[in-house]
Amino acid sequence: MKKILFAAVAAMAITGCSQNEEIEKAVQPVEISFNTAVSKTTRATTLVNSAFTKFTAYAYSTTGAFADATEVNALISGAEFTKGENSAWGSGNSVFYWPATDQVSFFAFSPNTTGQFSWGAAVAKTAPTLTYTVKNAVEDQEDLVVAEAMNKQKATSGSTEAVALNFKHALTKVGFKIKGEGSGVTYTLNKIVINAKKKGVYTYATSTTNETTLGTWTIPSDVTANTAYTVKPTEALSITGADSDATVDATLVGADYTAMLIPQDLTGVTFEIYYKAEAGGAILCDKTTTPEKITFADGTWTAGQSVAYVLTLKGVEKMSITGSVADSWDFTDTPK
């Protein structure tokens, strides 16, 4: 039987070069390759294309479109890809090949830091999930980026294109700008503490029409308490107050002072501002031990959102003086 098959192939090869190429393409495995891009950002330590060198990928093959599949097959299970020469991506000695006819959906993320994430595998008609825990120290927090590419197939003719992974920022970036109220008042800001949920579950988007769409975040039921994240300048920040048009100090939107947090409902999220106000050598208020507290009643942080909060520091209520001239030398009541 084998001899007959080989003879048939040889006979077809003699008839023309193009037919021979088609047969070779049908029987030779085609390797899966990637192209990547990272959305633009303004944070100094965030992932950008020039510094993006590593990601983790999962891929699932289905007999039809992912949204309609009753069964999924894990084609790539958490392989780490690194950028090599000529911007080519590889996974060590591992090579992954396109199935003959199945469609393949890809899901990826970066960075892959041990202890920060757990993967929830895709099942029939259900997208995979990434459970992510934010690092405690703001200066150590990383920019989580995610990507998906749905329902890709090996080309039936010609070369199969590399899979394009468009990575998007999945967390909420939070920074602060500070200004002070009151001419002649000097404010000293020691730190700001953000109290928010530290762990979330990201469910990947499975859009086939817009692969820039982000998925959704939920807070797991076992996370009920907030975690404190401290934004603290290297040296206490001095702010000069003004009666109007106070200067906004943007120091706390720098890389080390920008928090990368789980997108979440803001009900119960709080900011604690530790500062003091002075004027003319006198301390007007001292909140360096018991801070000013801001509690959110509503609102939402969303995936890929960048928020800079402008905080206006205030001293005590301004002192005002009024006076009047009495009609007689006797004491009369005066305004208080």
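## Salt bridges

E292 is partly exposed, with 33% relative accessible area (buried means under 20%, exposed over 50%, and partly exposed in between, using a 1.4 Å probe and protein chains only). Its partner is K287: the two form a salt bridge with the closest N and O atoms 3.2 Å apart (the cut-off is a side-chain nitrogen of Lys or Arg within 4 Å of a carboxyl oxygen of Asp or Glu). K287 also counts as partly exposed, because its relative accessibility of 23% falls in that middle range. All of this comes from a predicted model, where local features need pLDDT of at least 70, side-chain atom pairs count only at pLDDT 80 or more, and totals for chains, interfaces and linings use all residues. Residues are numbered from 1 along each chain as its sequence is written, and side-chain values use heavy atoms, with hydrogens and water left out.

How many salt bridges does a search of the whole structure find? The count is four. One of them joins the side chains of K168 and E148, at 2.3 Å from N to O. That pair ties together distant parts of the chain, 20 residues apart, with K168 in strand β9 (residues 163-169) and E148 in strand β8 (residues 145-152). Both K168 and E148 are buried. Then there's K199 with D222, where the closest N and O atoms sit 3.3 Å apart. Here too distant parts are linked: K199 is in strand β12 and D222 in the loop between β13 (216-218) and β14 (227-231), 23 residues apart. D222 is exposed, because its relative accessible area of 55% is over the 50% mark.

Strand β2 (residues 54-62) is mostly covered, with eight of its nine residues buried. (Helices, H or I of at least four residues, and strands, E of at least two, are DSSP runs numbered from the N terminus.) Strands pair if DSSP finds at least two bridges between them.

β2 runs antiparallel to strand β3 (residues 73-83), joined by eight bridges; Y58 has S77 in β3 as its bridge partner. β2 is also antiparallel to strand β5 (residues 103-110), through seven bridges, and there S61 is partnered with V104.

The chain averages a pLDDT of 82, and 81% of the residues score at least 70 (pLDDT is the predictor's confidence in each residue, from 0 to 100).
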